[in-house]
Amino acid sequence: MHVLSVSSLKGGVGKTTVTLGLASAAFARGVRTLVVDLDPQSDVSTGMDISVAGRLNIADVLANPKEKVVRQAITSSGWAKVHPGTIDVLIGSPSAINFDGPHPSVRDVWKLEEALATIESEYDLVLIDCAPSLNALTRTAWAASDRVIVVTEPGLFSVAAADRALRAIEEIRRGLSPRLQPLGVVVNRVRPQSIEHQFRIKELRDMFGPLVLNPQLPERTSLQQAQGAAKPLHVWPGDSAQELAADFDALLDRIVRTGRIPVTTEAPQA
């Protein structure tokens, strides 16, 4: 089971929409996928059309990461009505904010790792939608992860936040979890005609070299529309949606290669 955190240390760069796009690509490819909604805003849970009635959630799991609790906090996404496959959600909750203190204990940092270990044989890929800060929740996610993908956009403050995130990943790798590595930086909401955007992308490449992933994701409304309708991007109509779906397929290819994830379906050819 390959665990990938989707992170940003700056809000508003589309981290959750990237998580949903990657989840859609993995589901389309037949990868058994669990999405962990660790962001207290819980937008991933909303975008994946789940029923929370009678279920526990991520706050319960962080309080008690035993297998029985973990299983009661996981539910199938409504996306599974679209076509067969495993696409589940570990349900988010605003109460997760109670676990996001600035100085977590070592015991607390390993709770998500402990929880995921109880279901390891059931999924090929776990995507963790992280909180947009470097407090306990993000550290907990990274301690449970093999890789981190850092989401940014081509703006001055977002570039600085990506630099902070990569430094923090290295700090966690050295001090806590030697297996942790950055997968790379995905640049979201790019307007190819914007001179400012081109300048910031060059700046990112100068700073981070091959860690800047291809393709960059163009600014499109189709992903927000699919998210609002709680549908996977890969079944959303229109050329714009399908172009963006192909971009997420390419990013998933990188994740599959890095994590040696078994796939049952070839990526569709653009």
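**Exercise 1.** Decide whether aspartate 163 is buried or exposed, and identify how its salt-bridge partner is placed.

*Solution.* Aspartate 163 has a relative accessibility of 19% and therefore counts as buried, where buried means under 20% relative accessible area, exposed over 50%, and partly exposed in between (1.4 Å probe, protein chains only). This is a predicted model, in which local features need pLDDT of at least 70 and side-chain atom pairs count only at pLDDT 80 or more, while totals for chains, interfaces and linings use all residues. Residues are numbered from 1 along each chain as its sequence is written, and side-chain values use heavy atoms, with hydrogens and water left out.

The side chain of aspartate 163 meets that of arginine 167 in a salt bridge (3.1 Å, N to O), a term for a side-chain nitrogen of Lys or Arg within 4 Å of a carboxyl oxygen of Asp or Glu. Arginine 167 is exposed, at 58% relative accessible area. Because the two residues are four apart in helix α8 (residues 156-175), about one helical turn separates aspartate 163 from arginine 167; helices (H or I, at least four residues) and strands (E, at least two) are DSSP runs, numbered from the N terminus.

**Exercise 2.** Work out which parts of the chain are linked by the salt bridge between lysine 15 and aspartate 129.

*Solution.* The side chains of lysine 15 and aspartate 129 form a salt bridge at 3.2 Å, N to O. Lysine 15 belongs to helix α1 (residues 15-28) and aspartate 129 to strand β5 (residues 125-129), so that distant parts of the chain, 114 residues apart, are linked. Both lysine 15 and aspartate 129 are buried.
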